[in-house]
Amino acid sequence: MARIRHGQCVFELQGETVLEKLLAEGVPVPNSCRSGVCQSCLLRATEGTPPPNAQQGLKDSWRARGYFLSCVAKPAEDLTVTMDDSDSLLVPVVLIERKWLSSTVLRLRYMSEVPFPYQPGQYVNLLGGGLTRSYSLASVPSLDPFLELHVRILPDGRMSSWLREVEVGSTAQLRGPAGECFYVSGRPTQPLLLCGVGTGLAPLFGVVREALQQHHSGPISLLHGARFPSGLYLRDELAALATQHPNLTYVPGVLGEDPPGMVSYPMAGTTGCVVSPLDEVIRTRFAKLGGYRVFLCGDAGLVNALRKQVFLQGCSRREILADPFVMAAPTKNS
């Protein structure tokens, strides 16, 4: 069995991941999704070679320095690991604006004093309140001087509790960016289909504005789904954007009416909404998706189902770009 050395301690793996072993031994490794997606559990191997699957999706420079995802790492050889060097990957940021976009979605705008290159639609890890969570970037570098996040605030979420009280002027740290769900120029006439549910709109908001900023001339269809009309935030902004750009079509969709007492923040009516599940909207409005580039954002179950659906409707696998949202793994303190 492989052994893991951390500081002065040596632990023998018994089939579990590096993260599972270290947490069981009381080593406080930051983590969130525990499925190799969010990258919050990064460790650095100073001796030994991490397994290749634990370095997938990482920047070349990070892999070269020995960083790996401890939540999926089951090494075949001994490793000496550390997280003391991880601070070199973090960028300090200051909260300059917070605004409720709906009753459950909070917009946070952060300013970084150092360059933070990224592609609109990628995601970052936000470190604050002793926690780490992944959020997609809704901002566009060429248009916005800030880094914008759309956060769904959960009633009992640990990170939600911290963000609900965080004040403008407070500091946090970002690690990233990561993810492949962003616009790439070169085919300006290709039709684009962007589908997101809930805060899955955040990366798509960045992708759409980046495509338009780069003068994409092909048809762009943005579908945003929610359970109720109150979940369709940024409707006015998106409707105005579609008015300014004739090649952009914005389609908000809901499953039903708001329950009694639930209102959007700010108020949004139901005019123009499609009352139908997102998969049905895609099936009826886009019978053939050959030649399309498709962006999918939202919870993992929905994204995986839509990925299969758009492929069966003719979209090439290499033209399907998706970064599924994975909820933080439950803990005893969550």
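Tutor: Gladly, and keep in mind that this is a predicted model. Let us begin with Pro177, which is found in strand β11, residues 171-178. A cis peptide bond joins Gly176 and Pro177.

Student: How do you know that the bond between Gly176 and Pro177 is cis?

Tutor: Look at the torsion: omega is about 0° for that bond.

Student: On to Arg107 in strand β7. Why is Arg107 called buried?

Tutor: Its relative accessible area is 9%. Buried means under 20%, so Arg107 qualifies.

Student: What makes the link between the side chains of Arg107 and Glu97 a polar contact?

Tutor: The two side chains are joined at 2.9 Å. The cut-off for a pair of N or O atoms is 3.5 Å, so this distance falls within it. Beyond residues up to four places away in sequence, Arg107 also touches others, including Arg98, Leu101, Glu148 and His150.

Student: Trp162 is found in helix α3. Why is Trp162 called partly exposed?

Tutor: Its relative accessibility is 23%. Partly exposed lies between the 20% limit for buried and the 50% limit for exposed, so Trp162 belongs there. Leaving aside neighbours within four places in sequence, Trp162 is in contact with Gly128, Gly129 and Ala172.

Student: Which residues of α3 are buried, then?

Tutor: In α3, residues 158-165, they are Met159, Ser160 and Leu163. They cover an arc of only 100° around the axis, which puts them on the same side of α3. Among the elements that cover them are β6 (90-100), β7 (105-112) and β10 (147-152).

Student: What makes the buried residues of α6 line one face of the helix?

Tutor: The residues are Leu278, Val281 and Ile282. Seen down the axis of α6, they fall within an arc of 95°, so they line one face.

Student: What is noted about the phi of His215 and of Leu234?

Tutor: His215 has a positive phi of about 60° although it is not a glycine. Leu234, likewise not a glycine, has a positive phi of about 65°.

Student: Are these two residues buried or exposed?

Tutor: His215, in the loop between α4 (201-213) and β13 (220-226), has 65% relative accessibility. Exposed means over 50%, so His215 is exposed. Leu234, in the loop between β13 and α5 (235-244), has a relative accessible area of 6%. This value is under 20%, so Leu234 is buried.

Technical notes
Residues are numbered from 1 along each chain as its sequence is written. This is a predicted model: local features need pLDDT of at least 70, side-chain atom pairs count only at pLDDT 80 or more; totals for chains, interfaces and linings use all residues. Side-chain values use heavy atoms; hydrogens and water are left out. Buried means under 20% relative accessible area, exposed over 50%, partly exposed in between (1.4 Å probe, protein chains only). Helices (H or I, at least four residues) and strands (E, at least two) are DSSP runs, numbered from the N terminus. The arc is that of the directions from the helix axis to the C-beta atoms. Contact means heavy atoms within 4.5 Å. A polar contact is a pair of N or O atoms within 3.5 Å; within protein, one must be able to donate a hydrogen and the other to accept it, and residues adjacent in sequence count only if both atoms are side-chain atoms.
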